[in-house]
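Dear colleague,

Please find below the structure that I am handing over to you. My findings follow it, grouped by topic.

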Amino acid sequence: MMRKLIKTKGIFDGKRDKLLYNKCILIENGLISCIGSQEDFGSITGEIENIDLSNEYIIPGLIDCHTHLSIVPELGNQIEQMRIPAPRNILRSISNIKKDFRSGVTTMRIMGEENFIDIEIKNAIQEGIINGPRLLAAGKGIVASNGHGVVLTVADGPEEVRKVARQNLAIGADHLKIFVTGGISTASRNLNNSTYTLEEIKMAVSEAERAGKYVAAHAHGGIGIDLCIEAGVRSIEHAVLISEEQIEKIIKSNMWITITSTIIFDDKGVGAKDITNEEIRRKLIYGRQVAKNNWKKVVTSGAKYVIGTDSMHGRMVDEIKFLIDLGVSNLDALKAATGKAADACNFDRVGVIEKGKYADFLVLDDNPLESIEALENIKHIIMSGNFVEEYI
Ligand SMILES: [Zn+2]
């Protein structure tokens, strides 16, 4: 049995409101088996590797709750990018994942790819063919002919929704992603309207739930969000135009909201190239005007929220900083990227430093609860108890 004992200065465990000071973490076969003080482990016998991080802080690896693998938003026309043949898109994905991994992201929830490349890459990482974060994959996005995000796969009517849902589940999807309203980065798609009927969204939810999975829905506002709430999806993704009444309903329904700020506000996002299209430019300007205010309502309402880079690879720390700019404490912003993120993803093996979870940690010089800049200087990344030496 492979055992390691890590001595730490301070642990943010992803859940508690305070750091744990001067604790040791015992890792057995890549899993956390015990957290205690040095004395608790005094009598431990047998072969064990001691790792001295007694001057460092440990936090759970970050979880990006909304991203894609193959897209680089800065290049523009994200839909066209996903139409590229699978082999080239896998190579693009690998260079993207490397940036995410290096930035401290150890789990990524992927929100739709063509050709099941997310499933293939996830499997390759699990098999140890390449290094990388843990992936939670959606497989193909479920999208109507006239929907935002329609790439190659189309599902119109409940039966086609069922078919794509089942194809995804058959190949190992962890969740389903449905595109309900328009998006900012595609022209001629309204951010409030819904391309799907209640019946179609419910079909996706029913297929997912009977398989023990859930649906995450791309929806910005209006009837789109209303239908998602009624249909019972687990999370509303983006929610740029969300209303106060909808936030209230979401709280009552115990749903999640995923805030994706960098793609909208950073000039390397939709503002890099897509903005040359007049309609996208108008939507982006409008989105930027209202998003902060609406998301501020989300984070102060008591609603459950998490964050995602939406393909702004390597920018997870900026998503955390954005929450802090909205007035969220360092503690709550870090929870949204760790413990709560694991909850949102319904993946209880990560995000929290406690017995039974994967030993996926970031090692920092400074206390991130005091200074979030500590995340800009990640000293080491530990995956399943091993120091990551190569990022791919
Ligand atoms: Zn997305």
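**Zinc site**

In sequence, the residues that donate to the zinc ion follow the spacing H-x1-H-x241-D. The coordinating atoms belong to His66 (NE2), His68 (NE2) and Asp310 (OD), at 2.1 to 2.3 Å; donors are N, O and S atoms within 2.8 Å of the metal (3.2 Å for Na, K and Ca), and sites may look incomplete because water is not among the atoms. His66 in strand 6 and Asp310 in the loop between strand 13 and helix 10 are 244 residues apart. Both His66 and Asp310 are buried (under 20% relative accessible area, with exposed over 50% and partly exposed in between; 1.4 Å probe, protein chains only).

**Basis of the values**

This is a predicted model, in which local features need pLDDT of at least 70 and side-chain atom pairs count only at pLDDT 80 or more, while totals for chains, interfaces and linings use all residues. Residues are numbered from 1 along each chain as its sequence is written, and side-chain values use heavy atoms, with hydrogens and water left out. Helices (H or I, at least four residues) and strands (E, at least two) are DSSP runs, numbered from the N terminus.

Five strands form an open sheet in the order 9-10-11-12-13, with parallel pairing; two strands pair if DSSP finds at least two bridges between them. Strand 9 (176–179) and strand 13 are the edge strands, each pairing on one side only. Strand 10 (residues 215–219) and strand 11 (residues 235–238) are joined in the parallel sense over four bridges, and His218 has Glu237 in strand 11 as its bridge partner.

**Salt bridges**

The count comes to 22 salt bridges, each being a side-chain nitrogen of Lys or Arg within 4 Å of a carboxyl oxygen of Asp or Glu. Lys15 and Glu354 form one of them (3.2 Å, N to O). Lys15 lies in the loop between strand 1 and strand 2 and Glu354 in the loop between helix 12 and strand 14, so this pair ties together parts that are 339 residues apart in sequence. Lys15 is partly exposed, at 49% relative accessibility, and Glu354 is partly exposed at 27%.

A further salt bridge joins Asp17 to Lys335, with the closest N and O atoms 2.5 Å apart. Here Asp17 is exposed, with a relative accessible area of 53%, whereas Lys335 is buried at 9%. Finally, Glu159, Arg162, Arg166, Glu207 and Arg210 are linked in a network of salt bridges.

With kind regards
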